[in-house]
Amino acid sequence: MAKLVLIRHGQSEWNALNLFNGWVDTKLSDKGIAQAKEAGELLATEGIQFDQAYTSVLTRAITTLHLALEEAGQLFIPEAKSWRLNERHYGALQGQNKAEAAEKWGDEQVHIWRRSYDVLPPLLDSYEETVEVQGKSYPAFDRRYADVPEGELPLGENLKITLERVLPFWESDIAPQLKAGKNVVIAAHGNSLRALAKHLEHISDDDILNLEIANGQPLVYDLDDSLEVISKKTLSK
């Protein structure tokens, strides 16, 4: 039996400002740093020994992984990063204040964009289109994406597309580790982890709207040899 632990990154600088974050690379806030460390403390208390770690290529997830593993005394374990574990791309909403967006388009419409499974947000017109907020923008031409075919870089995503992006990495890299009985930790983002949870738990398109994964609270799955969920629990103080 293998254990899989999902950790949503701690609060980011843009989470704290109530801005749509998506693929824009922001750091953890002070609160986010504390949440990441607390996640590591919870893992230490739980006593899970990891064999492999995975994270996205975004700073807030990478930092969360490192802080959590350091607190758990397991910073030494192998780790791999993939853009496929990035947060959902919020398209033209990235950098916008969520409250101001609700005033502009209405609470119901913004809620649909944020939580629905297959409704797309307003898309960017091109990779060159950027909305600068505090000197940051969607880094379509950042070298961390140099090996990604341009057609695979998103101009906006819903959860369905996010799941389609995550699954190839799950099947090629993560699932084989778990099937070999290895314990795996993934530090990523609210929507990339919701996508994985939907796949693992066979959650319906309608019910996934109600799933929320809290920042810095590890979600622990016990999986059988076919990666069916035996049990799950959320670690919190």
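A pocket, as the term is used here, is an open set of grid points with protein on both sides within 12 Å along at least five of seven lines. The structure described is a predicted model.

## Largest pocket

The largest pocket holds about 290 Å³ of space. Its lining is made up of 20 residues, and those nearest the centre are Arg8, Glu87, Tyr90, Lys98 and Arg114. Sorted by class, the lining residues are eight charged, eight polar and four nonpolar. Helices α5 (107–115) and α7 (190–201) each contribute at least two residues to this lining. The most comes from α7, which gives three residues.

## Nonpolar cores

The largest nonpolar core has 30 residues, and the members that touch the most other members are Leu4, Leu6, Trp170, Ile174, Leu178, Ile186 and Tyr221. At least two residues of this core come from each of β1 (2–8), α6 (159–179), β4 (184–188), α7 and β5 (219–223). Helix α6 supplies the largest share, eight residues. Another core, of 17 residues, lies apart from this one; Leu43, Leu65, Ala187 and Val220 are among its members. In soluble globular proteins, nonpolar side chains tend to be buried together.

Beyond its neighbours within four places in sequence, Leu6 contacts Ile186, Leu193, Leu196, Gln217, Pro218, Leu219 and Tyr221.

## Helix α3 and its surroundings

Helix α3 (residues 59–71) contains 13 residues and spans 18 Å from its first C-alpha to its last, close to the 18 Å expected at 1.5 Å a residue. Its buried residues are Arg60, Ala61, Ile62, Thr64, Leu65, Leu67, Ala68 and Leu69. The elements covering these buried residues include β1, α2, β2 (52–55), β3 (79–81) and β4. Just after the helix, Gly73 adopts a positive phi of about 75°.

Gly40 is part of helix α2 (residues 30–46). Setting aside residues up to four places away in sequence, Gly40 touches Ala68, Glu71 and Ala72. Gly40 and Leu196 are 156 residues apart along the chain, and their C-alpha atoms are separated by 21 Å.

## The loop between α1 and α2

Asp25 lies in the loop between α1 (13–16) and α2. Apart from neighbours within four places in sequence, Asp25 is in contact with Leu58, Thr59, Arg60, Lys136 and Arg144. The C-alpha atoms of Asp25 and Thr59 are 6.2 Å apart, with a separation of 34 residues along the chain.

Thr26 is also placed in the loop between α1 and α2. With residues up to four places away in sequence left out, Thr26 touches Ser12, Glu13, Trp14, Asn21, Thr59, Arg60 and Lys136.

Which side of the cut-off do Gly40, Asp25 and Thr26 fall on? Buried means under 20% relative accessible area. Asp25 counts as buried because its relative accessibility is 17%, and Thr26 counts as buried because its value is 1%. Gly40 is buried as well, at 0%.

| Residue | Relative accessible area | Class |
|---|---|---|
| Gly40 | 0% | buried |
| Asp25 | 17% | buried |
| Thr26 | 1% | buried |

Conventions
Residues numbered from 1 in each chain as written. Predicted model: local features only at pLDDT ≥ 70, side-chain atom pairs only at ≥ 80, totals over all residues. Heavy atoms only, no water. 1 Å grid on protein atoms, 1.4 Å probe; cavity = no way out; pocket = protein on both sides within 12 Å on 5 of 7 lines; lining within 4 Å. Points joined across faces, edges and corners; volume = space filled by probe spheres on them. Helix = DSSP H or I, 4+ residues; strand = E, 2+ residues; numbered from the N terminus. Nonpolar A, V, L, I, M, F, W, Y, C, P; charged D, E, K, R; others polar. Core = buried A, V, L, I, M, F, W, Y, C linked by side-chain atoms within 4.5 Å. Buried < 20%, exposed > 50% of the residue type's maximum accessible area, 1.4 Å probe, protein only. Contact = heavy atoms within 4.5 Å. Expected span 1.5 Å × (residues − 1).
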